[in-house]
Amino acid sequence: MKKALKLTLAIALLMGSTSLFAQKFGRINTQEIIMSMPETKTMQTNMEAYAKELQDNIETMNVEFNTKLQDFQKNFNTMNDMAKEMKEKDLNDLQARIREFQERAQQEYQKKQNELLAPIIEKAKNAIDKISAAGGYLVVFDTSTGSLAYFDEATLTDIAPEVKKELGITDTPAAATTPAPAAE
């Protein structure tokens with residue numbers, strides 16, 4: 001009876017350990033996938049145009065400030081004290097508005113970038129989920145976060161090619177930049 005119990009236990013342990021090894025683990029660089037999506041390129045073009053618009057507004061405000069400052073400096077000796085005081089206050093107010101606009105522009109730029117990036121990230125995540133589920137992967141590690149202490153490349157399957165195919169991405173910039181193995 002003891003032998004049968006030990007044999008059964010040994011078989012159960014052996015089957016359990018082999019089923020663990022039968023599990024599939026994958027890896028993907030999500031950042032690379034997102035950067036290669038056509039939507040990201042469109043978003044970057046839109047963000048560049050938005051940044052230029054904001055910068056043009058800042059430059060217009062700076063030109064106005066410099067014009068008023070030059071006028072103030074030019075007419076300083078001919079102004080009475082009350083006029084000087086009013087012009088200085090006007091210049092200080094304009095300078096404060098410029099600083100406030102720059103701060104708000106930076107916040108709005110970040111907000112717009114996040115709004116445009118969210119659906120792109122969601123689309124990539126959905127494709128990764130679909131490929132992971134279809135491929136029967138137990139776990140897929142995102143190598144772009146750099147939070148993995150160790151992983152054996154041989155035991156992980158790179159699912160990026162399948163995700164790119166799912167997303168309709170035809171270019172493979174990462175493969176082009178990977179150095180060829182050295183010949184002996």
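**View 1. Buried residues of helix H4 in a predicted model.** This structure is a predicted model. In H4, the buried residues are Lys-84, Leu-91, Leu-94, Ile-98, Ala-105, Ile-120, Ala-124, Ala-127, Ile-128, Ile-131 and Ser-132. What do the buried residues of H4 pack against? Their partners are strand S1 (24-28), helix H2 (30-36), helix H3 (38-75), strand S2 (137-142) and helix H5 (160-167). In the protein chain as a whole, 20% of the 184 residues count as buried.

View 2. H4 covers residues 81-135, which makes 55 residues. From its first C-alpha to its last, H4 reaches 80 Å. That is close to the 81 Å expected at 1.5 Å a residue. Where does H4 bend? Look at Leu-117: the bend there is about 30 degrees. A proline, Pro-119, follows within four residues.

**View 3. The two ends of H4.** At the start of H4, look for Asn-80. A side-chain oxygen of Asn-80 reaches to within 3.2 Å of the backbone nitrogen of Met-82. Now go to the other end.

**View 4. Lys-84, a buried charge.** Lys-84 sits in helix H4. Lys-84 is buried, yet has no salt bridge. Which side chain of opposite charge is nearest to Lys-84? Asp-81 is, at 4.3 Å. A salt bridge needs the side-chain nitrogen within 4 Å of a carboxyl oxygen, so a pair must come inside that cut-off to count. Setting aside neighbours within four places in sequence, Lys-84 is in contact with Phe-72, Phe-76 and Met-79.

**View 5. Helix H3 and its buried residues.** H3 has 38 residues, which should span 56 Å at 1.5 Å a residue. Its end C-alpha atoms are 56 Å apart, so the two values agree. Buried in H3 are Thr-40, Met-43, Met-47, Tyr-50, Leu-54, Ile-58, Met-61, Phe-65 and Phe-72. These buried residues pack against H2 and H4.

View 6. Side chains of opposite charge can pair when their charged atoms come close. Here Lys-52 and Asp-56 meet in a salt bridge, at 3.3 Å from N to O. Both residues lie in helix H3, four residues apart, about one turn of the helix. Residues three or four places apart point the same way, because an α-helix has 3.6 residues a turn. Lys-52 counts as exposed, at 52% relative accessibility. Asp-56 is partly exposed, at 33%.

View 7. The whole structure holds nine salt bridges. One of them joins the side chains of Lys-164 and Glu-32, at 3.2 Å from N to O. Lys-164 lies in helix H5 and Glu-32 in helix H2, so the pair ties together parts that are 132 residues apart in sequence. Lys-164 is buried, with a relative accessible area of 6%, while Glu-32 counts as partly exposed at 24%. Another salt bridge joins Glu-166 and Lys-130, at 3.1 Å from N to O. Glu-166 is in helix H5 and Lys-130 in helix H4, so this pair links parts 36 residues apart in sequence.

**View 8. Thr-170 in its loop.** Thr-170 lies in the loop between H5 and helix H6 (173-177). Is Thr-170 buried or exposed? Thr-170 is exposed, with a relative accessible area of 77%. Thr-170 and Pro-38 are 132 residues apart in sequence. In space, they are 9.9 Å apart, C-alpha to C-alpha.

Note on methods:
Residues numbered from 1 in each chain as written. Predicted model: local features only at pLDDT ≥ 70, side-chain atom pairs only at ≥ 80, totals over all residues. Heavy atoms only, no water. Expected span 1.5 Å × (residues − 1). Bend = angle between axes of the 7 residues up to and from the residue. Buried < 20%, exposed > 50% of the residue type's maximum accessible area, 1.4 Å probe, protein only. Contact = heavy atoms within 4.5 Å. Polar contact = N/O pair within 3.5 Å; in protein donor to acceptor, adjacent residues only side chain to side chain. Lys, Arg positive; Asp, Glu negative; His and termini not counted.
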